[in-house]
Amino acid sequence: MNSLKNKIRDIADFPEPGIVFKDITPLVQDPGTLRECIDALIAPFSHSRINAVAGMEARGFIFGTLAAWELGVGFIPLRKPGKLPYDVQKVDYDLEYGNASLEAHIDAIQPGDKILLIDDVLATGGTAKASCELVEKLGGQVVACAFVMELGFLEGRQKLRDYPIHSLITY
Ligand code: AMP
């Protein structure tokens with residue numbers, strides 16, 4: 001996974017002081033590394049029965065859509081509030097400072113659908129946990145959560161202990 005690591009750029013103090021932002025734009029800019037990343041993300045699931053991939057706004061859309069394409073299934077965008085035009089299901093969750101919400105269309109998932117969740121970074125796990133709850137509220141079953149990278153020191157895995165986790169790089 002060194003080739004992937006080499007294409008992830010650290011940006012200090014973005015979007016606020018003290019945060020080291022993991023910038024994936026060099027990775028997605030490079031076709032070979034992007035291919036390697038998507039192949040590795042879906043590798044454990046190539047023989048699993050998955051009905052759809054769900055991805056969190058915004059970088060989850062990039063990796064999630066490509067993964068869905070490769071798995072031959074559809075993609076479900078989990079969006080920030082007010083972006084989706086049709087009727088939505090919603091989950092609210094706490095951030096370190098303040099709170100946030102994610103929404104999905106009420107007809108995005110059929111009861112019993114097996115869903116693979118994909119995002120770029122597992123940090124505190126709040127976003128992924130909320131995404132799992134949203135999928136379940138819509139009647140879906142989370143097969144696993146897959147991430148390009150995991151910030152191990154933030155212990156996001158603790159929040160996701162009910163779900164299998166697949167991450168390509170751990171910092
Ligand atoms: P969390 O809910 O704390 O696990 O945060 C996960 C979400 O925030 C993901 O959608 C990431 O894209 C984003 N995120 C959190 N920390 C970082 C970071 N250091 N660099 C880039 N994105 C981050």
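What share of the contacts in the chain with a separation of 6 or more comes from residues 24 or more positions apart? In this predicted model, such residues account for 57% of those contacts. The secondary structure of the chain consists of 6 helices and 9 strands. The radius of gyration is 15 Å, which agrees with the value near 16 Å that a compact globule of 171 residues would have. Along the principal axes, the C-alpha trace spans about 40 × 40 × 30 Å. Of the 171 residues, 46% are buried. The accessible surface of the chain amounts to about 8900 Å², and carbon and sulfur atoms contribute 50% of this surface.

An α-helix has 3.6 residues a turn, so residues three or four places apart point the same way.

Gly126, Ala128, Ala130, Ser131, Cys132, Leu134 and Val135 are the buried residues of α5. Just after this helix, Gly139 adopts a positive phi of about 95°.

Strand β8 contains Gln141, which is partly exposed because its relative accessible area is 41%, between the limits of 20% and 50%. Beyond four places in sequence, Gln141 touches Asp113, Lys114, Ile115 and Val135. The side chains of Gln141 and Lys114 are joined by a polar contact of 3.0 Å. Gln141 and Asp113 are separated by 28 residues in sequence, while their C-alpha atoms are 6.0 Å apart. Val135, one of the residues touched by Gln141, is among the buried residues of α5.

Ser167 belongs to strand β9. Its relative accessibility is 17%, so Ser167 counts as buried under the 20% limit. The side chain of Ser167 makes a polar contact of 2.6 Å with that of Glu150. Leaving aside residues up to four places away in sequence, Ser167 touches Phe147, Glu150 and Arg157.

In the loop between β8 and α6 (156–159) lies Leu151. This residue has a relative accessible area of 10% and is therefore buried. Leu151 and Ala123 are 28 residues apart along the chain, and the distance between their C-alpha atoms is 5.2 Å. With residues up to four places away in sequence excluded, Leu151 touches Lys22, Val121, Leu122, Ala123 and Tyr171. The loop between β8 and α6 also holds Glu155, which has a positive phi of about 55° although it is not a glycine.

The ligand is surrounded by 13 residues, of which Arg59, Asp119, Asp120, Thr124 and Thr127 are the closest. An N or O atom in the side chain of Asp119 lies 2.7 Å from an oxygen atom of the ligand. Backbone atoms also approach the ligand. A nitrogen atom of the ligand is 2.9 Å from a backbone N or O atom of Lys22, a residue that Leu151 touches. A polar backbone atom of Gly126 is 3.4 Å from an oxygen atom of the ligand. On its own the ligand has 480 Å² of accessible area, and the protein covers 82% of this area.

Further backbone features occur in loops. The loop between β1 (9–12) and β2 (20–23) contains Pro15, and the peptide bond that joins Phe14 and Pro15 is cis, with omega about 0°. Asp13 is found in the loop between β1 and β2 as well; its phi is near 60°, a positive value in a residue other than glycine. Another cis peptide bond runs from Glu57 to Ala58, with omega near 0°. Ala58 lies in the loop between β3 (52–56) and α4.

Conventions:
Residues numbered from 1 in each chain as written. Predicted model: local features only at pLDDT ≥ 70, side-chain atom pairs only at ≥ 80, totals over all residues. Heavy atoms only, no water. Helix = DSSP H or I, 4+ residues; strand = E, 2+ residues; numbered from the N terminus. Buried < 20%, exposed > 50% of the residue type's maximum accessible area, 1.4 Å probe, protein only. Polar contact = N/O pair within 3.5 Å; in protein donor to acceptor, adjacent residues only side chain to side chain. Contact = heavy atoms within 4.5 Å. Near = heavy atom within 4 Å. Areas by Shrake-Rupley, 256 points an atom, 1.4 Å probe, with all protein chains shown as cover. Rg over C-alpha atoms; globule rule 2.2 N^0.38 Å.
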